[in-house]
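Here is a report on one protein chain.

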Amino acid sequence: MQEKIAVIGGGSWGTALANLLSDNNHDVSLYVLEEEVKESINKKHENSIFLKGIELNKRLKCFLFEELSADFDKILWVVPTQFTRDTLVKFKELLNDKHVIVATKGIEIKHKKFVHEIFEEVVNVKLSVLSGPSFAKEVALRKPTAVSIASFDNSEAKLWQRIFSNEYFRCYTLDDVVGVEVGGAMKNVIAIATGISDGLGFGNNARAGIITRGLREITRLGLKMGGKLETFMGLSGMGDLVLTCTGELSRNRTVGIRLGKGEKIEEITESTKMIAEGVYTVKAAYELAKKLEIEMPITEEVYKIIYESKDPQESFYDIMRRPLKEENI
C-alpha cells in the first residue's frame, strides 16, 4: 500500500531514508532548510551537500521547511536533536495526531531530554523511533542494513516496519522506546572515545576495551531511565555501538580521531557541515549522569576533553588508574 509521507530534515540520514521510502513506492516529500539542497535533489536527483555523488530515486520530491503543509498522515522526523523542540513548536499544529517515526539520535542539552520526551512535551502524536547500525551512505547505496523500530504501541511499530522494510533494509520491532533512544544517543559518545584512542595510537586492545566498557555505561544509564537489558544487546545497542566505533564513515569516531591527534573541538566543528551529534550529547549525558548519580567514566572524560580542554592522553590514563573493581553493570 502506497503511503504519503513527509520527511522532515534533509541531511545525509534524512535523505537516505527518504530515498529508501521512495524505492518502496511511497509518495515521499523531503523538507529541507537549504535552497541549494532542494534544487540539487529536484533537478539533479542528488543531495550535493550531504550525499554527494549518489543518485537518488527520481520520484523523490524536495521542498523547503516553510512549504510544509498538513497534507500528510505520516511523518519521518530527522531534525537534529538540539533543534527538535523549536522546530516542533513551529509546526505543532501540522503535526498533532499524525503517525510520526523519529530517526534522530541524541539528548537535548538544555532540558536533558531524549527526543521522544521532547515530542511528549510539545505535541500529541502516535510516536515510534528507528535506530540501529546504519550509515546513511550505505543505505543510500542500497547495501543490506538491519535496524530496530520501537513504539509504546506495537501496532505503530509494525506499521512502520511494513513501510520501511524491503530487500536491502530489514526492520525488527520492539516496545522499548527508552532503551532504543539511549543506545542510539550514547553510542555516539563512546564512538568519540574510540576515535580519540585511535588518534592517540593506542591500538585494538584499547578500542575493544572502550567499546565493551562503553556498553556498560550505556546500559547503566538505560536501565536507570527505564530501558530493558536485552535492548542493549540488540541492533540499537551493541549493533549500533560497534558500527559507530569502528566504521570509517562514522562522523563521531572521526571527531575523536582528530581530537586524539591534537586538534581542538572548535577547529573540527568549523571545518564541516555535518553534525557529529555526540559532541552535544556528551554534555547532556554528563550532566544527566551527575543528576542520576550514575558512574560513567568514559563519558565524563570525553566531556572534559571537549568542554574543559583536558589532555586526551591524560584522560585515558586517568580512567586506567581508577580504583580496581569487579566487572558488572
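## A surface tyrosine and its patch

Tyrosine 280 counts as partly exposed, at 31% relative accessibility. On this scale, buried means under 20% relative accessible area, exposed means over 50%, and partly exposed lies in between (1.4 Å probe, protein chains only). This is a predicted model, in which local features need pLDDT of at least 70, side-chain atom pairs count only at pLDDT 80 or more, and totals for chains, interfaces and linings use all residues. Residues are numbered from 1 along each chain as its sequence is written, and side-chain values use heavy atoms, with hydrogens and water left out.

Tyrosine 280 sits in helix α12. Helices (H or I, at least four residues) and strands (E, at least two) are DSSP runs, numbered from the N terminus. With Phe83, Ile275 and Tyr307, Tyr280 forms a nonpolar patch on the surface. Together the four have about 350 Å² of accessible area. Such areas come from the Shrake-Rupley method with a 1.4 Å probe; for residues, only the protein chains shown count as cover. Patch members have over 30% relative accessible area and no salt bridge; like charges are joined within 9 Å, and nonpolar side chains (Val, Leu, Ile, Met, Phe, Trp, Tyr) within 5 Å.

## Helix α8

Helix α8 covers residues 204-225. Its 22 residues should span 32 Å at 1.5 Å a residue, and its end C-alpha atoms are 31 Å apart, which agrees. The expected span is 1.5 Å times one less than the number of residues. Buried residues of α8 include Arg207, Ile210, Ile211, Gly214, Leu215 and Ile218. An α-helix has 3.6 residues a turn, so residues three or four places apart point the same way. The buried residues of α8 pack against α7, α9, α10, α12, α13 and α14. Contact here means heavy atoms within 4.5 Å. Just after α8, glycine 226 takes a positive phi of about 110 degrees.

## Lysine 38 and the cysteines

Is lysine 38 buried or exposed? Lysine 38 is buried, with a relative accessible area of 16%. Its place is in helix α2, residues 35-44. Leaving out residues up to four places away in sequence, lysine 38 touches Val32, Cys62, Phe63, Leu64 and Glu67.

Cysteine 62 is buried because its relative accessibility is 1%. Cysteine 171 is buried too, at 4%. A search of the whole structure finds zero disulfides (pairs of cysteine sulfur atoms within 2.5 Å).

## Salt bridges

The structure holds 28 salt bridges. Each is a side-chain nitrogen of Lys or Arg within 4 Å of a carboxyl oxygen of Asp or Glu. Three of them are listed here.

| Pair | Closest N and O atoms |
|---|---|
| Glutamate 3 and lysine 74 | 3.1 Å |
| Lysine 187 and aspartate 240 | 3.7 Å |
| Glutamate 300 and lysine 290 | 3.7 Å |

Glutamate 3 forms a salt bridge with lysine 74. That pair links distant parts of the chain: glutamate 3 in the segment before β1, lysine 74 in strand β4, 71 residues apart. Glutamate 3 and lysine 74 are both buried.

Lysine 187 pairs with aspartate 240. Lysine 187 lies in α7 and aspartate 240 in α9, so the pair ties together parts that are 53 residues apart in sequence. Lysine 187 is buried at 7%, and aspartate 240 is buried at 1%.

Glutamate 300 bridges to lysine 290. Glutamate 300 lies in α13 and lysine 290 in α12, so this pair ties together parts 10 residues apart in sequence. Glutamate 300 is partly exposed at 21%, as is lysine 290 at 48%.
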